[in-house]
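Subject: Handover of the structure and findings

Dear colleague,

Please find the sequence and the structure below, passed to you for your own work. My notes on what was found follow directly after.

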Amino acid sequence: MSALSERPAAPVVGTAVPHESAALHVTGTALYTDDLVGRTKDVLHAWPVQARSAHARVTALRTGPALRVPGVVRVLTAADVPGVNDAGVKHDEPLFPDEVMFYGHAVCWVLGETLEAARLGAAAVEVDLAPLPSLVSLQDAIAAESFQGGQPTVERGDVETGLAASAHVFSGEIEFAGQEHFYLETHCALAHVDEGGTVFVQSSTQHPSETQEIVAHVLGLSNSQVTVQCLRMGGGFGGKEMQPHGLAAIAALGATLTGRPVRLRLNRTQDITMTGKRHGFHARWRVGFDEAGCLQALDATLTSDGGWSLDLSEPVLARALCHIDNAYWIPDVRVNGRIARTNKTSQTAFRGFGGPQGMLVIEDVLGRCAPLLGQDAATLRRRNFYSAGQTTPYGQPVRHPERLALAWQQVLDSSDFAARTQRIAAANAASPHAKRGLAITPVKFGISFNFTAFNQGGALVHVYKDGSVLINHGGTEMGQGLHTKMLQVAATGLGVPLHRVRLAPTRTDKVPNTSATAASSGADLNGGAIKNACDQIRGRLAQVAAERLGVAAADVRFADGQVRSIAFAGESVAWDDVVQLAYFQRVQLWAAGYYRTEGLHWDSAAMRGEPFKYFAYGVAAAEVEVDGFTGAYRLRRVDIVHDVGDTLSPLVDIGQIEGGFVQGAGWLTLEDLRWDEGDGATRGRLATSSASTYKLPSFSEMPEVFNVTLLADATEEGAVYGSKAVGEPPLMLAFSVREALRQAAAAFGPAGTSVDLASPATPEAVFWAVERARRDEGAHVGEGAPGLPPDQPDAGAPAVRPHSEHASDVLTQT
């Protein structure tokens, strides 16, 4: 085992400790960016002037009326930018646009002595707009061939030959929605300038180094003249990876021009209407199976809704293409990708980063095709699992596929899957108006950034003369428990009790050039860097302790605040005493740590290589009950077995699995983004812009029985202390809920009914799926819908498919 993966005796990692800020969270004493405003003197407040058009040219901008509002100090416009008027890394996101690209686009910002003064000033700004044609729906953009960015293809084998040789060929399409991040803390930045002209920005950002870069180029400064700090975030989920940069730049620009601190915090409506979301997708596919139900070929085109600018749409699409296989071996594959440009918010990273969208396609294919193949969906899925020696469509070997099979069997056993399936079938036969469904689905998710250069991390570890330890690393804390794990890694690496280690906030003047806390890689990268720093310090202290103990340095061990030799009855020395000795011997007691993920290579043009360090595996079984009258449903039970390697912090990991699963269930079953697609004055307006119109998972949507187990004996060689990432993979476990809803809806029809289920599968969408299943039943007996003459259309079906019904009703067999 490598030194990176090996654990010492009695490690602090792997012990169940609470989140490092748990007490602060529940007592309300945890500080977030906006809490610092009350501690800062003479703060100005920023408010956006949002244009009410989906697409228009700004022909005039009159700020004079705003300046006459009491308390308004300044209006920021493009003319005030000393550097580059752009907030994106692709240079396609003007900070102060002269062309409105979506409804709610901010064209300028007002600074006021109070938030109310800034709001009234923004309302007084006069903006003249010349309307331009707009594309709001993804389908409209596809029809207009409105695309942006690259159009990659992942390909292996000969798809046409594979389809021609298949015993069964099906084709279909699906369109599924995006998702609002709805983090508890909205976007926020607080900026001031010190006496030397250095700009200091407190920002709720997942990527402080990139926020630093954007602020610097907007202000025309070098990166070293800007410092960005992130105390903690009240949630991020990917929505604070790119989106905070421009907002921080506005605050920094205001502070630079006025000489006063500037606070910018979006309210909930502004945050939802101005910032990006998970990408919605449309997919069209053809798939081939042999007589046994083994996948033979897949031909698909995935189109993402990128919104008005690229943001992270290209890497999101790349990950979607790389995850369309999920856990399944497909010999011949061709998957084309493209990014639609629409007049919506610029869609961005969201937990899973395209992986869920790609995986949803193949899970939908299997769920819809299983009945047509005469097979149970669980059997069809298991039959197509990867096995040892096989590679993904982009050429990466699938290591440890046996772990997925083990987790699958463990869920089948622990959930009593076979017996419950029989009981549900009997219950459904006796219940005409309520049906249950039980489904099991796998997850195989690649861990690392697709962009290889991002797979590096840094850390700074200080040991003070009294033996206390302070660590600083490049990762950010958004509630996911990264800081908790890093404290445990440092305590393990130095062999000290956890309470001796403290962690400082993430800031760019301590650890530079950091990668975003994203791609589930925070613990891998920063943990590796912290361990590297601790190894350096421990190596120096071992030399000091060796002299004191009279043994070789290689025979010195550090554990629980004591330093001793490997001899059974050897003398021990307190950690604090060894540190004191080292100081007086002028031994360096701090270290800068660094880590880079080895073994990665990726050709983004050819879409081939090994972009991931490893795959995280998981399996979930979900049981639902559907009301046939309304489509409403209950999530009765969920059983999960998930692979986190050797856990760094079991309470944190289990919490991430539970939270990820529930967030995934929200995306797939509840959260329905609606834009106004009419031709009126509000075209392009996001109609679901608050908690009253956008439904989030709540306690009532939690499973009544929720069993989560970590896969045992799953050490990951080459990762910090044998652990695996846990942030994103659990979200895809929620596919089991969607597939259970599909089975419950199918139970309202005859055996073999294939259900086309919308995503999100809201109660409305489930109701129409149930109605289609019932009509299928009628068709089997030569009748129309129940209660209607055979030749009369179903009066309960809409003349126009509701917008929430994102899935297509196209499924053909050839």
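Does N526 count as buried or exposed? The model is a predicted one, and in it N526 has a relative accessibility of 6%, so this residue counts as buried, the cut-off being under 20%.

N526 is part of helix 15. Apart from neighbours within four places in sequence, N526 is in contact with G458, H473, G474, G475, L482 and M486. The C-alpha atoms of N526 and S515 are 9.7 Å apart in space, and these two residues are eleven residues apart in sequence.

Helix 14 covers residues 482–494 and helix 15 covers residues 522–549; they pack at an angle of about 25°, and their axes are 9 Å apart. Because that angle is under 35 degrees, helix 14 is roughly parallel to helix 15. The crossing of helix 14 and helix 15 is right-handed.

T484 counts as buried because its relative accessibility is 3%. Its contacts, leaving aside neighbours within four places in sequence, are V17, P18, H19, E20, S649 and V652.

Next comes an open sheet of four strands, in the order 17-28-29-30, with mixed pairing. Strand 17 and strand 30 (705–710) are the edge strands, each pairing on one side only. From one strand to the next, the twist averages 15°. Helix 12 (residues 401–414) packs on this sheet and touches strand 17, strand 28, strand 29 and strand 30. The direction of helix 12 makes about 25° with that of strand 28.

How many of the 14 residues of strand 28 are buried? In strand 28 (residues 614–627) the number is 13, so the strand is largely enclosed by the rest of the structure. Strand 28 pairs with strand 17 (residues 434–447) in the antiparallel sense over 14 bridges. In this pairing, T441 stands opposite A620 of strand 28. Strand 28 also pairs with strand 29 (residues 633–642), again in the antiparallel sense, over nine bridges. Here A620 stands opposite I640 in strand 29, and A621 stands opposite D639 in strand 29. Strand 28 and strand 29 form a hairpin with five residues between them. In the turn of that hairpin, G631 has a positive phi of about 85°.

**Backbone points to check by eye**

Most residues other than glycine have a negative phi, and most peptide bonds are trans. Two residues and one peptide bond are listed here with that in mind.

- N513 is not a glycine, yet its phi is positive, at about 55°. N513 is found in the loop between strand 21 (506–507) and helix 15. With a relative accessibility of 63%, N513 counts as exposed.
- Y721 is likewise not a glycine and has a positive phi of about 50°. Y721 lies in the loop between strand 30 and helix 18. At 2% relative accessibility, Y721 counts as buried.
- S759 and P760 are joined by a cis peptide bond, with omega at about 10°. P760 has its place in the loop between helix 18 (735–746) and helix 19 (763–780).

**One further residue**

Which residues is R334 in contact with, leaving aside its neighbours within four places in sequence? R334 is found in strand 16 (residues 332–340), and its contacts are T153, V154, E155, V159, E160, R286, L298, D299 and A300. R334 and Q663 are 329 residues apart in sequence, and their C-alpha atoms are 30 Å apart in space.

With kind regards

How values were computed: Residues are numbered from 1 along each chain as its sequence is written. This is a predicted model: local features need pLDDT of at least 70, side-chain atom pairs count only at pLDDT 80 or more; totals for chains, interfaces and linings use all residues. Side-chain values use heavy atoms; hydrogens and water are left out. Axes are lines fitted to C-alpha atoms, for helices over the stretch in contact, and angles run from 0 to 180 degrees between N-to-C directions. Helices (H or I, at least four residues) and strands (E, at least two) are DSSP runs, numbered from the N terminus. Angles under 35 degrees count as roughly parallel, over 145 as roughly antiparallel, 65 to 115 as roughly perpendicular and the rest as oblique. A crossing is left-handed if the near helix is turned anticlockwise from the far one by less than a right angle, and right-handed if clockwise. Buried means under 20% relative accessible area, exposed over 50%, partly exposed in between (1.4 Å probe, protein chains only). Two strands pair if DSSP finds at least two bridges between them. Contact means heavy atoms within 4.5 Å.
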